[in-house]
Amino acid sequence: MITLFVRGLPTSTTEESLTALFADYGTVRSLTLHKDLFTGQARGTALINMEGHEGRAAIAALDGSQLQGRTIYVNQTKEEKRRGRGGRRRR
């Protein structure tokens, strides 16, 4: 399972539309759309959990693509990138 960070989303984005977009590449396990506290509109970022190979396929297909006239960027979260490194710590 990997967590994807999506930025550049339009303010009119909904959880349903974002789930439908990413569902083309695999099962969306969970989705958190960051919203403005007062207006309830999307703030332009979201976190999405997907299986590893499905998430990498979504990154390859959607990073730099257009959604409602805006360029969206999809990356793996930094914690996930660090976790993949193995080895022992040097003293």
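I started with H34: skipping its neighbours within four places in sequence, it is in contact (heavy atoms within 4.5 Å) with Q41, A42, R43, G44, T45, A46 and L47. Before going on, I noted that this is a predicted model, where local features need pLDDT of at least 70, side-chain atom pairs count only at pLDDT 80 or more, and totals for chains, interfaces and linings use all residues. I also noted that residues are numbered from 1 along each chain as its sequence is written, and that side-chain values use heavy atoms, with hydrogens and water left out.

Back to H34. I found H34 in strand β2, residues 28-35 (a strand is a DSSP run of E, at least two residues, numbered from the N terminus). Which side chain does the side chain of H34 make a polar contact with? I got T45, at 2.7 Å (a polar contact is a pair of N or O atoms within 3.5 Å; within protein, one must be able to donate a hydrogen and the other to accept it, and residues adjacent in sequence count only if both atoms are side-chain atoms). The C-alpha atoms of H34 and T45 are 5.8 Å apart, though eleven residues separate them along the chain.

Next I checked S65. S65 counts as buried because its relative accessibility is 19% (buried is under 20% relative accessible area, exposed over 50%, partly exposed in between, with a 1.4 Å probe and protein chains only). Its side chain reaches the backbone oxygen of L62 at 2.7 Å.

Last, I looked at F5 in strand β1, residues 2-7. F5 is partly exposed, at 28%, and its contacts beyond four places in sequence include T45 and Y73.

How values were computed: Helices (H or I, at least four residues) and strands (E, at least two) are DSSP runs, numbered from the N terminus.
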